[in-house]
Amino acid sequence: MKANWVVVLAPPFLVCMTLLFGTQYVFLQLGFFRDLGIGQVGTELELFNYIRAFTEPFFLNALRLNFVLAVAVVAITLIVAYPIAYIVARMTPKWSIVFLTAMVVSSFVSIVIKVLGIIIIFGADGPVNRFLRWTGIIEEQILVIGTKSGVIMGLTHLGIAFMVMMLFSVIQSIPRSLEEAAEIHGASRWRVFWRVVIPLSMPGVVSASLLLFNIAMGAFVSAVLLGGGKVMTLPVVIQRTILLYTEYGMAAALSGMLMLFVFAVNIVSVVAVTRMRAARFAVT
Amino acid sequence: MTGRQLIGASLRPGMHALLPERLRRMHIGKLLRRLGSIFWMTLGYTFIFSPIIVVAGSSFDGSSLDLRGNSAFLNFPPENFTFEWYTRISSSLYQALWISFSMASIAAACGIVLGVPAALALIRGTFPGRIILGTLFRAPLQIPFIVIGLAFLQAYYEVGALIGLQLRATFAGLVIGHVFVATPYVVGSVGAVLQRFNVSLEEAALSLGASRWRTFKRVTLPIIMPGVLAGGIYAFLVSFGDVTISLFLTGPNINPLPVEIFFALDREFDPTIPAMATIVIVGSGLLLYVIQRLVGIDILLRGGGNG
């Protein structure tokens, strides 16, 4: 039996790990060689690119912007998606399937098509600007495309469907009887929500938020198209380093920096949440 | 007046007849919560669907037709309703759609071929290090897609230089990059299904004299089928909609449709793009309908894929 499963696992394991380690090794090791221009790298191992990545304000600002945008996206998505997930989870099963299916439908559509829609909606002559001008709220047009809010908007679109589907299964697994018990004992609906539903769903919220954070940190399409070349997040900077300067070493070091940062944030949040829960249980 | 008061109780007797029975019996707090819920749901779902509706709507916009697509942008709501853009879709866009479709199908199929045995071994096997191996199989989803794209591009350069096998800017190279991200979806969803069902069913079949292959075909496969389908569908969708990985691996004549749309938005707008996007949206809807008729949509809702 034992040997049997190893034989079953071996072929997919070899293929997947070759693709994973092979490609990542070939690319990331370039980060330790100095760029010589026209796509060539030096032969001497050095930390030059990483030192540049972690000291030059341009790259550090890109990382900070990337982080701020990702946190904003996660926060906005949670605020919008949590109540929706809760409402859908407490509907009759027939209706919750309908509303969840709607979320699946929207996630079937590629991000570029959604970005195309957002560009039309917020274009200079798009429905939003025309409506606002018609109501007289604004004289000129409001700009969303080419700003940070445009990028946040695009990523929030991506995030909401994802978050509702993730949180739905979390909230659905909280027995309704717990809420009823709290209510019978005199808690108001709000109190039940804050003291029962939200704490019990916290582990799910944290893991869903981290997943969305990781996606948002690596987001490229929305950052390029909705940022209009003005919102320089790390993925955009990485692409430009290749496209404009063909510095593969620098691009590799920046990719290394991005992944290290994302990894560190994940580790820190998981540890922090575990500590917090441990502390709370120690008190009660 | 508290939230627990009945709505009917706060009205003068003569006004009772104006409200339906159900509403009169509702607590005021409950009514406010209902209204709040409806408001929030409307807001959320409008936000989610607005880009899709706007793309579909503006593909019928004829207000800039006379400009011959020169810097023309489409309006929503559409003016001068027209089907003209649909007839003007270039053959290269149809080719891009075909490339996307075949690429995503092959990638999902390869993902299933690699992912199903991996998931079976990882869940049913008893060898050490399964948790680490499981993490490694899921690792591609943790790497930003731009890093995956660049890494495959560099690896293809290297393979080309070492053994002369040209993968860069080829269809095969494109597909391999997508198989890499397709497999974890299948491993994830098949693994989730396997964890839920009891190994004793398989053991019963084996002890009753069924061969291993027969046990797999008659017991295991029917049980994991929803997971295989869900993983395959998610893998297909991720591959079909991907821009970032494809961007670095494509070459002339093998651009998938999302890459063509990306170029059109990044460089010069092409007014037939919304028409093509609408065809894709309708196609996705049809795919969903077929899934619903054949196996039921809920296989996609039960923990399928990793998002």
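Author: What follows covers the interface, then the pocket. The model is predicted.

Start with the contact between the chains. On one side stand 76 residues of chain A, and they touch 83 residues of chain B. Together the two chains bury about 6900 Å². Carbon and sulfur atoms account for 83% of that area. Three residues lead on the chain A side: Trp5(A), Phe108(A) and Ile120(A). They supply 11% of the area that chain A buries against chain B, more than any other three residues.

Now the polar side of the account. Helix α1 of chain A, residues 2-28, gives the most to the side that touches chain B, with 18 residues. By type, that side of chain A has 58 nonpolar residues, 13 polar and five charged.

Next, the second largest pocket. Its volume is about 1500 Å³. The lining counts 36 residues. Nearest the centre lie Tyr86(A), Ile87(A), Arg189(A), Arg33(B) and Ser37(B). Chain A gives two or more lining residues from each of α3 (57-89), α4 (93-108), α8 (176-184) and α9 (189-217). The largest share, ten residues, comes from α2(B). The pocket lining divides into 19 nonpolar, seven polar and ten charged residues.

Methods: Residues are numbered from 1 along each chain as its sequence is written. Chains are lettered from A and ligands numbered from 1 in the order in which they are written. This is a predicted model: local features need pLDDT of at least 70, side-chain atom pairs count only at pLDDT 80 or more; totals for chains, interfaces and linings use all residues. Side-chain values use heavy atoms; hydrogens and water are left out. Contact means heavy atoms within 4.5 Å. Buried area is the accessible area (1.4 Å probe) that two parts lose on being put together, summed over both. Helices (H or I, at least four residues) and strands (E, at least two) are DSSP runs, numbered from the N terminus. Ala, Val, Leu, Ile, Met, Phe, Trp, Tyr, Cys and Pro count as nonpolar, Asp, Glu, Lys and Arg as charged, and the others, Gly among them, as polar. On a 1 Å grid over the protein atoms alone, a cavity is a set of points where a 1.4 Å probe fits but cannot get out, and a pocket is an open set with protein on both sides within 12 Å along at least five of seven lines; lining residues have an atom within 4 Å of a point. Grid points are joined across faces, edges and corners, and a volume is the space filled by probe spheres set on the points.
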